Amino acid sequence: MAAWSLWAVQRRVQRLLASRSRIWLHPFSTATQRTAGEDCSSEDPPDELGPSLAERALKLKAVKLEKEVQDLTLRYQRAVADCENIRKRTQRCVEDAKIFGIQSFCKDLVEVADILEKTTECISEETEPGDQKLTLEKVFRGLSLLEAKLKSVFAKHGLEKMAPIGDKYDPHEHELICHVPAGVGVQPGTVALVRQDGYKLHGRTIRLAQVEVAVESQRRL
């Protein structure tokens, strides 16, 4: 919208300047025609009142047009300044989005770090030396709580772990590690084993799952 206003102001200034040029040329054309008329009939009395009024009217019109040109020039300069300010604000917003786009995700991850830290402190302070069973129980409880919190954070931000076992091999979602013989209930060309989980963010694959794919041949590649 600002670009269109800038173009309209430029067009208006050009038309006013062209009109002004025609106005200043017009008195000379009239004077030339009057001289030619005087040559043809030198006996006619000169009409001094008519040209004087016409010149004053043209001068007033020229002054008016000059003011309009100044006004449009000022508006043009303001439009240019507004466009530059909009460009700078847009660039600043884009830069802020790049920097702080994961702010919410990082805030949730801090809570996960808190759980891990509290679990570590609890194990180190309350566990008696030699009591390995109690230590393992606390570690298990802490890790279970940590896993549950991570799953909650991932689900909140649209991060989903893929479960491709039994699915047909897809190079856009799976990274083939090796082939394995197809066992009972396993169709050739499907994922038989997952070496490393893959993840999707709002339906877009951000990490391929490392998989082993079943084949009919008994030969392991």
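Trainee: Which residue just after α4 takes a positive phi?
Mentor: That's G158, with a positive phi of about 80°. Keep in mind as we go that this is a predicted model.

Trainee: Okay, and what does α4 itself look like?
Mentor: Helix α4 covers residues 132-156, so to speak 25 residues. From its first C-alpha to its last it reaches 36 Å, close to the 36 Å expected at 1.5 Å a residue.

Trainee: Which residues of α4 are buried?
Mentor: They are K138, G142, L146 and V153. As a general point, an α-helix has 3.6 residues a turn, so residues three or four places apart point the same way.

Trainee: Where is H157, then?
Mentor: H157 is found in the loop between α4 and β1.

Trainee: Is H157 buried or exposed?
Mentor: H157 is buried: its relative accessible area is 16%, and the cut-off for buried is under 20%.

Trainee: What does H157 touch?
Mentor: Leaving out residues up to four places away in sequence, H157 touches S104, F105, D108, L201 and H202.

Trainee: How do β4 and β5 pair up?
Mentor: They run antiparallel and are joined by three bridges. L201 has R204 in β5 as its bridge partner.

Trainee: Which strands make up the sheet with β4 in it?
Mentor: It is an open sheet of three strands in the order β1-β4-β5, with antiparallel pairing. The edges are β1 (159-161) and β5, and each has a single partner strand, so one side of each is left without a neighbour in the sheet. The twist averages 35° from one strand to the next.

Trainee: What about the sheet with β6 in it? What order does it have?
Mentor: That open sheet of three strands has the order β2-β6-β3, and the pairing is mixed. Here β2 (174-181) and β3 (191-196) stand at the edges with a single partner strand each, so one side of each lacks a neighbour in the sheet. Neighbouring strands of this sheet are turned by 30° against each other on average, direction ignored.

Trainee: How many bridges join β2 to β6?
Mentor: Seven, and the two strands run parallel, with β6 made of residues 209-215. If you want a pair to look at, L176 stands opposite V211 in β6.

Trainee: Let's switch to the other end of the chain. What does UniProt say about residues 55-89?
Mentor: The unreviewed UniProt entry annotates residues 55-89 as "coiled-coil region". In the model, that stretch is 100% helix and 0% strand. Its end C-alpha atoms are 51 Å apart.

Trainee: Zooming out, how many helices and strands are there?
Mentor: The chain has four helices and six strands. Along the sequence the pattern reads α-α-α-α-β-β-β-β-β-β.

Trainee: What share of the chain is buried?
Mentor: Of its 221 residues, 18% count as buried. The chain exposes about 16800 Å², and carbon and sulfur atoms supply 57% of that.

Technical notes:
Residues are numbered from 1 along each chain as its sequence is written. This is a predicted model: local features need pLDDT of at least 70, side-chain atom pairs count only at pLDDT 80 or more; totals for chains, interfaces and linings use all residues. Side-chain values use heavy atoms; hydrogens and water are left out. Two strands pair if DSSP finds at least two bridges between them. Axes are lines fitted to C-alpha atoms, for helices over the stretch in contact, and angles run from 0 to 180 degrees between N-to-C directions. UniProt positions are given in the numbering used here, feature names are shortened, and annotations may be inferred rather than shown by experiment. The expected span of a helix is 1.5 Å times one less than its number of residues. Buried means under 20% relative accessible area, exposed over 50%, partly exposed in between (1.4 Å probe, protein chains only). Accessible areas come from the Shrake-Rupley method with a 1.4 Å probe; for residues, only the protein chains shown count as cover. Contact means heavy atoms within 4.5 Å.
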